[in-house]
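Please open the model in a viewer and keep the selection tool at hand.

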Amino acid sequence: MVEEWLQNGDYFLVDIIFGTDDRIVIEIDHADGVWIEDCAELSRFLQEKLGDELGDYELEVGSAGLGQPFKVEQQYKNHIGDEVEVLQQDGVKLKGILKAVDGRQFTITVQEKQHVEGKKRPVIVDVDKAYTMDEVKSVKYLLAFK
């Protein structure tokens, strides 16, 4: 039913969580952000479709949230060109610019100090690092306050 509602716009499903506390949480996202009016519209749509089947469940519809780890490929695509934080499996965090997304693979550009022939001191250079979404713990958008 959520997918049916999503067909009418540019929103996409991020997650559906069935909580142990009789709560159903639906997270949606959009390239330009999520409006509260759209969350309310989806909630009304689901309540009308489900009617009494919803029973004692509490339905919560919201956005995936800025600063939260990405869960689906479309979130990566929406943030190409933005600064992201990658938490590698070994616990190391890298900050870089999300350069490309191809299926479940993505590339970020990070700045690293490297020794360059002919230079006494290390020089900061841009380095591309490629990952699959499954080989990192998390990736999230970094808010920039400028």
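**Aromatic residues and a strand position**

Select Y76 and F106: both are buried, that is, under 20% relative accessible area, where over 50% is exposed and the range in between partly exposed (1.4 Å probe, protein chains only). The model is predicted, with local features requiring pLDDT of at least 70 and side-chain atom pairs pLDDT 80 or more, while totals for chains, interfaces and linings use all residues. Residues are numbered from 1 along each chain as its sequence is written, and side-chain values use heavy atoms, leaving out hydrogens and water.

Rings of Phe, Tyr and Trp (its six-membered ring) pair if their centres lie within 6.5 Å; planes under 30 degrees apart are stacked, over 60 edge-to-face, and the rest tilted. By this rule there are 4 aromatic pairs.

One of them to display is W5 with Y11, a tilted pair at 5.9 Å centre to centre and 45 degrees between the planes. W5 counts as buried because its relative accessibility is 7%; Y11, at 12%, is likewise counted as buried.

Now return to Y76 and F106, whose rings are tilted at 45 degrees, with 5.2 Å centre to centre. This pair links distant parts of the chain, 30 residues apart: Y76 is in helix α3 (residues 73-78) and F106 in strand β6 (residues 105-114). Helices (H or I, at least four residues) and strands (E, at least two) are DSSP runs, numbered from the N terminus.

Finally, select S138 in strand β8 (residues 136-141). S138 counts as buried because its relative accessibility is 17%. Leaving aside residues up to four places away in sequence, S138 touches P69, E85, V86 and L87, contact meaning heavy atoms within 4.5 Å.
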